[in-house]
Amino acid sequence: MKKRVTYRDHEYIFEILPNGDLSIDGEIFSASVDQEINSVYKVTVNNHTFTVEVSSKDFTIDGENVDISIKPFIPKRSINNGSQEKKNISLKAPIPGKIAQILVKEGDIVGKNQELMILEAMKMRNRIFSPNKGKVKKICVKENTFVEQDQKLLEFENSPD
Amino acid sequence: MLGTVLIANRGEIAVRIIRACRLLNLKSIVIFSKEDSTSLHVKMANEAYSLGKGTVQETYLNIEKIIEIALTSDSDAIHPGYGFLSENPDFAERVEKEGMIFVGPSPSVLRNLGDKVESKRIAKEIGIPTIPGSDGYVSSLSEAEKIGENIGYPIIIKAAFGGGGRGMEIVENPEALEISLLGCQTIADKFFGNNKVFIERYISSPRHVEIQFLADNHHKSIHIGDRECSIQRSYQKIIEEAPSFLSVRKRNSLGEKICNLAEKLDYRNAGTAEFLWKDGDIFFNEINPRIQVEHPVTEMITGIDLVVEQLKIASNKELSINQRDIKFNGHAIEFRINAEDPLKSFYPQSGRITGLNIPGGNEVRFDTFIYPDYVFPNNYDSLIGKLIVKGNNRNDTITKSRIALNELSISGVTTNIALHNAIIASSEFQQRIITTDFLEKNKITEILLHYEKLKLAAILKTQSIQKSKQQFSPIKLNETSNGTNRWREQSKREQQRNYL
């Protein structure tokens, strides 16, 4: 049965195959547990050995704490038909910085993942993308101004079709 | 000798300078913004003064406030570190005007070097090869057309005071020249307050080489070897190594020329001359008039403490090291550990450090300012530490680095540690086939994604085994009444089943 797993802010689709192998985003991995000492596992995946520690709330892999959350996988089509996605979204600044460039204007129709703004923070130009196909309803900031984290950048109207 | 040094910086470099001050028995004064009040430099310094809350302009770039703190704390000198005010001639001038010492070159040298055309002209005079291009600034289209014809396309238009990958336009053919020239002039004016631009031949996928030098206040200068910093992401270095791939003869001849340049400029303190290398040709790019992030790789192979030398020079001491004393021993690589997500276009991350494992062993160094439970702010640079590893030769160093990178773990924020693992695992890196577009060329993010999936597979496997165990034995797992570990028994049985 396919499932969705969120690992380090990224989502993967995985499945445990009948022979014990794992399929992650279509790539097949054979994993085996070599040892287990006080809930510390030595796991070998494709010739790489990892140390996985299990606690009541999370996992530690090679010394690093990680969180995973597993959800059932529902193919995309049924998501769209089922629960209605939010129509209006406000995009917020993920980090504080300066609005270096605004690449769209109010009323623009944009595609999914289109570059909308460039937020500059300490030499890095961070691109703000559209979450979906839709319309730019309102731009809430001006070029060359500083924004705080979570400050509203623009209002966006979803139009999936 | 100086008595008290104010460090006008934060992060790992502030900590690094405090260590040098301690070695020389100098009192260290630091400054901090509200976000940095729990940062390590604040804890380590002899005295710490708040810059209050606000933007970078209101805090670490606030010249008036910093000068005021320096005066009330009776500082003799100000060490600017890198970034922030380190290359600002107005700041250096102000420091000197108030009767203090700026740990760096004089304001006039900073002014000359900040102007890319001027520094290029001086380098050319000394006989240092520069990138073919305009002799000065270009303002009209007809001038630009003539230069383009002479040096051949593609060309690059650069803002005179630009930097960090900004204010540059690559022009592929004469037809695109007019719009690119106009665009670059507009950006230069908008971001650097000056619309002056110049033109150079565009050098695609070059290698980045640089030479470290030191000059004292008594007309003595020495060059301390080279570094290669070709592994970059969005024009920012992420892996640096020393020595570079240049031959000993080439390294020495460039070093001598750079010392001549330092002499001619009346340069003082530490500096780095940056070059671009392509197909056997090497071209001068710019001089960074400050300590650099990657200075430790030079320290590792020469044994020279560059920050200590900076402070000694600022104290008006003569350089005690002679050119002939400089010997290179082995190979060193530095990995910049950034709080950023390589799989999400290097987006800066922030958060609480919930776990920290620092690697150790022979010739393994980790310079950082984070500690467990430290809340890492996202108002500044994403650099959270530098792992520096030294070995007998490059291969030896790569092996040691792999072990050290595996040992290094930081929980709570996403870092680029796994990216470094992916880079050094590539045969291109191992064979030193590296250029500034290494990451794109070798599809490193794909390798990284594969690594992430390997780890995820290990976790999911562990989880599934653990789950099935819980189903088998609803009673207490760890121990049974007769003292045997049931969990282990179970695991053994299961493994056997897997192998059957």
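Colleague: Before we get to the helix pairs, how are the axes and angles defined here?

Modeller: Axes are lines fitted to C-alpha atoms, for helices over the stretch in contact, and angles run from 0 to 180 degrees between N-to-C directions. Bear in mind that this is a predicted model.

Colleague: OK, so at what angle do α6(B) and α9(B) cross?

Modeller: Helix α6 of chain B, residues 116–126, and helix α9 of chain B, residues 248–265, cross at roughly 120 degrees, and their axes come within 10 Å. Because angles of 65 to 115 degrees count as roughly perpendicular and those over 145 as roughly antiparallel, α6(B) is oblique to α9(B).

Colleague: Is that crossing left-handed or right-handed?

Modeller: The crossing in which α6(B) passes α9(B) is right-handed.

Colleague: And which residues meet there?

Modeller: From α6(B), Ile122(B), Ala123(B) and Ile126(B) meet Lys257(B), Asn260(B), Leu261(B), Lys264(B) and Leu265(B) of α9(B), a contact that by class has five nonpolar, one polar and two charged residues.

Colleague: Switching to α1(B) and α11(B), how far apart are their axes?

Modeller: The axes of α1(B), residues 11–23, and α11(B), residues 306–314, are 9 Å apart, with the helices packing at an angle of about 60 degrees, and this crossing is right-handed.

Colleague: What residues are in that contact?

Modeller: Arg16(B), Ile17(B), Ala20(B) and Leu23(B) of α1(B) meet Val307(B), Val308(B) and Leu311(B) of α11(B), and by class the contact has six nonpolar, no polar and one charged residues.

Colleague: Last one, how many residues does each chain bring to the contact between A and B?

Modeller: Chain A contributes 43 residues and chain B contributes 37, and the side of chain A that touches chain B has 26 nonpolar, eight polar and nine charged residues.

Note on methods:
Residues are numbered from 1 along each chain as its sequence is written. Chains are lettered from A and ligands numbered from 1 in the order in which they are written. This is a predicted model: local features need pLDDT of at least 70, side-chain atom pairs count only at pLDDT 80 or more; totals for chains, interfaces and linings use all residues. Helices (H or I, at least four residues) and strands (E, at least two) are DSSP runs, numbered from the N terminus. A crossing is left-handed if the near helix is turned anticlockwise from the far one by less than a right angle, and right-handed if clockwise. Two residues are in contact if their C-beta atoms, placed from the backbone, lie within 7 Å. Ala, Val, Leu, Ile, Met, Phe, Trp, Tyr, Cys and Pro count as nonpolar, Asp, Glu, Lys and Arg as charged, and the others, Gly among them, as polar. Angles under 35 degrees count as roughly parallel, over 145 as roughly antiparallel, 65 to 115 as roughly perpendicular and the rest as oblique.
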